[in-house]
Amino acid sequence: MDDLLERTVGLMEQAGASYGDVRLRRDRTERLSVQNGRPEHVARSASAGIGVRVLVDGAWGFFGTHRLQDAAVEEAVRQAVDIAQASAAAQTEPVRLAPLEPATDTYETPHTRDPLAVALEEKLDLLVRATEAMAGPNVRLAQAFFSAFDTRQQFASTEGSRIAQHIVQTGGGIAATCIADGRLQVRSYPNSFRGNFATGGYEYVEAMDLAGEAPRVAEEAQALLAAPPCPAGRRTVILDGGQLALQVHESCGHPIELDRVLGMEIAFAGDSFLTLDKLDTFRYGSERVNIAADATCPGGLGTFGYDDEGVPAQKTPIVEAGRLVGYLSSRETAPAIGRPSSGTMRASGWNRIPLIRMTNVNLLPGDAGSLDDLVADTDDGLLMMTNRSWSIDNKRLNFQFGTEMCREIRSGRLGQVYRDATYTGLTPEFWASCDAVCGPEAWSLWGTPNCGKGQPGQTARVGHGVAPARFRNVQVGVKA
Amino acid sequence: MIPSAKAKHGPAARERRLLALGRKMVRDSDAEETEVLLADGREFLTRFAAGAIHQNVGAEEAAAVVRAVVDRRVGVATADSLEADALDSARASALAIAEAADPDPHWPGLPKARPVKPVKAYDAATAAADAKARADFAAGIIAAARERDGEAAGIVQTEEGTLAVVNSRGVAVAYSHTRAEANALVTCGDGSGWAEAVAVRLSDLDADRLGRRAALTAEKSRNPRPLAPGTYDVVLEPSAVGEWLQDLAFVAFSGKDVAEGRSPLAGRLGQVVTGEQVTVWDNARDRRTLLQPFDYEGQPARRLSLIKGGVAEAVATNHYRARRMGRRVSTGHALPASSPQECMPMHLFMKGGRSSAKQLVGEMKRGLLVTRFHYTNVLDPMETVLTGMTRDGTFLVEDGRIVHAVRNLRYTENVLAALGRIDGASKRLTRVPGPCVVPTVRVRDVRFSGATEF
């Protein structure tokens, strides 16, 4: 297969590409769902193909094909060049790439048990046991999920990079859905929407102890059915890890994507309030807020060796003591801020171009101790746990989130359970109101396996390390 | 598609090839029952922003979904390839999964063949559209925007594809389609406007019209003023109506969700669920939508009345769900076997009224005109509570006239109830991406719960 890559690089050079890269990628995935004690959905998929990206006359062209024969690759290069030439006709400024030292390297996700090699029976048994442990009077749906993604990619560029990577990502979780009197409540573990995800092997899911957590999850779902709705008002709010991860994702991760900032996504997902003039000056949040994009942190769902332009994985400061200091960038966009690429270009498959994607956009730990310590330090507030819904405007300012569960905090102690909790705000005001972030002991990684972006649509698997944090004067309890 | 190669590689030849492949896979299968879904196609998309093309891509893609059944045990495997090795591997994988699975006591068997009438969903010129044609289309949008001092962003997309479904109970159907979609987001200073269109034929889309329409809205939406959140009467343009309708379909119209009790229509079929002015149906055979003759189980598409005069009439099913609901055949809304969602209506229609969009605004004492929504999401599926933002043109209307643009607002609303407060709808229905075919509507008392800064 190396021959195919070398031949493609040669064809791109012969066609006059000033730059070209090719990715030969093979993906295997497995998704398992068990519902009420029996497997409901068991599916495996395999995909292989080649994606060719060229710069011709200063403009991009890309073509992907699932056919891996010489003739098909020749056609793919020809198509990519034709497309680039058409792009060039409607180009105002030629694309210029930030410099990059070519690399020859390999990378593999550290993992103990290959999740796709573990016997299907073993995986289903783990999930079946978890759903059986969720049985209860109003538990209509006891569900357990497992997902595994195995990606092998070879990358070659006309600049001389030759990189092979093997990324292994695994996830799982449980959810209890209680339905009664026309009301529906869901409680999940360790996160909603099919659980939590990481780079790593089957050991990641084994360590979740899904069956052990199942009775608590079912009890909490039933408690939610009987709970009153969360009252509206201005409140102090503590967000748990799962909810805070999505808060970081939507209100920080997306607006720091430099392609959005430069208007490249404006017609679809939108642009960003974090315009270039704000770099190094804008107060994004309080001094407690420190955020970094880190593609190197072990276990992060957005951890890899090199991005899909061959840029090494790296850690980039984004917010330091509340001040905006960086963006997620690519070789094309980084010159706009006079910096090298931060190595965040990733494609969802061989058939898609790389886009700027979050790596692991992490809220760095603070000094507020454990979650228990933070609750104990709060006189009057709400603890909101596990995401249920999300929405944010096209500049990433006005957001509204709903959580699965909410607990009243009075005099440092957890009390009343509330259902249907929501909160809303404007991004800089919200982060400015952050007065405490829990410490390293409470910091953990959360995987977001369904981050959508781009046209044609791409789904990326990205990560967020967070410790629970507290926010003051938050609008809570929005309801129709 | 290269024109000279049309006869050999045209849609009819591709359909024959996929059917032959599917039949061979079914014939060679060791499972008791086998279903094979095969797809082959090419997709091109040109993206432009700030008046220039910045992304321009194409891909030829294939997919195979194999469902194997042994002793009522079901396994599914997919491959993004039509190569023999990949297909053999998918077939073996599906069988291995089935053999490892538990029996499903409710398994009704794969559906039998039913007559499928062909549709005209393919346009050779759209399939042959090259990168220059798409760049020219983009240039047309950009030029139209610049005539009004606007800057355009958007897409021009063309695709062609062939889908075949073959199973061991005699289903063997195939069809080919093309699809062209374009949109324009035009900015004029701090104003922005939007226009979009989707069709079988690229020649049915009009770059100049899209660019002009978005630019007109952008011009009008300059200098937006803050408006306090609250309850407002609203005229929703078709893009906004389409978004609500698709979200409603997602939470309410799946037979699986109804059976599991997590649809707001669970236990309410035959009951009044919204206002009598609301009639919603699905019909993949109506020429006003993007035609599809059969679903992903090869069952014929047909009109399905979902809500009629405010009464919930039916929900979409695949074969499995139909049998579990006591029906002989499905409604023709199966998703691929690889999808855990099972079934969904994908060609929605909403009945119009007697007005024009202009009249709907003209009759409004005080309210808002909304071009489209952004990032709508479900807050409470049983109450059909959605939240999302307005974008690309939100206007305050007083005494039947637009008085000025307003900053974008967040709505939080029970959509089934809100549709029940429609007090006027346009006679003209518009096809928007989805596809949905919907009118412009006026809704009383829509709840806006927040506002943003632009």
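## A covered strand in chain A

Ala421(A), Tyr423(A) and Gly425(A) point one way from β19(A), while Thr422(A), Thr424(A) and Leu426(A) point the other way, and all are buried. Keep in mind that this is a predicted model.

**Exercise 1.** Work out how β19(A) is covered and which strands pair with it.

*Solution.* 
- Step 1: start with burial. Strand β19 of chain A covers residues 421-426, and six of its six residues are buried. The cut-off to apply is 20 or more other C-beta atoms within 10 Å of the residue's own.
- Step 2: look for one partner. Strand β17 of chain A (residues 398-410) is joined to β19(A) by six bridges, and the two run antiparallel. To find your place in this pair, go to Phe399(A), whose bridge partner in β19(A) is Gly425(A).
- Step 3: look for another partner. Strand β23 of chain A (residues 469-476) pairs with β19(A) over two bridges, in the antiparallel sense. Here Thr424(A) has Gln475(A) in β23(A) as its bridge partner.
- Step 4: recall the general rule. Strands of a sheet pair through backbone hydrogen bonds, either parallel or antiparallel.

## Domains of chain A

**Exercise 2.** Describe how domain 1 and domain 2 of chain A meet.

*Solution.* 
- Step 1: Domain 1 of chain A takes in 2-226 and domain 2 takes in 233-476.
- Step 2: get the spacing. Their C-alpha centres lie 21 Å apart.
- Step 3: count the contact. Domain 1 of chain A puts in 42 residues and domain 2 of chain A puts in 36.
- Step 4: sort the domain 1 side by class. That side of chain A has 17 nonpolar, 16 polar and nine charged residues.

## Where the chains meet

**Exercise 3.** How many residues of chain A are in contact with chain B, and which strand of chain A gives the largest share?

*Solution.* 
- Step 1: count both sides. The contact involves 65 residues of chain A and 75 residues of chain B.
- Step 2: find the main contributor. Strand β2 of chain A (residues 38-56) supplies 11 residues, the largest share of the chain A side.
- Step 3: sort by class. The chain A side holds 28 nonpolar, 27 polar and 10 charged residues.

## Domains of chain B

## A helix in chain B

**Exercise 4.** Check the length of α6(B), then find what its buried residues pack against.

*Solution.* 
- Step 1: do the length check. α6 of chain B (residues 207-220) has 14 residues, so at 1.5 Å a residue the helix should span 20 Å; its end C-alpha atoms are 20 Å apart, which agrees.
- Step 2: pick out buried residues. Among them are Leu210(B), Ala214(B) and Ala218(B).
- Step 3: list the neighbours. The buried residues of α6(B) pack against α5 (131-146), β4 (151-167), β5, β6, β12 (366-380) and β13 (385-398) of chain B.

## A glycine in a loop

**Exercise 5.** Is Gly332(B) buried or exposed?

*Solution.* 
- Step 1: locate Gly332(B) in the loop between α9 (319-324) and β11 of chain B.
- Step 2: apply the count. Gly332(B) has 32 other C-beta atoms within 10 Å, so Gly332(B) is buried.
- Step 3: find its contacts. Leaving aside neighbours within four places in sequence, Gly332(B) is in contact with residues including Phe294(B), Asp295(B) and Arg302(B).

Note on methods: Residues numbered from 1 in each chain as written. Chains lettered and ligands numbered in written order. Predicted model: local features only at pLDDT ≥ 70, side-chain atom pairs only at ≥ 80, totals over all residues. Helix = DSSP H or I, 4+ residues; strand = E, 2+ residues; numbered from the N terminus. Expected span 1.5 Å × (residues − 1). Buried ≥ 20, exposed ≤ 12 C-beta atoms within 10 Å, placed from the backbone. Contact = placed C-beta atoms within 7 Å. Nonpolar A, V, L, I, M, F, W, Y, C, P; charged D, E, K, R; others polar. Domains from an automatic or database assignment. Pairing = 2+ DSSP bridges.
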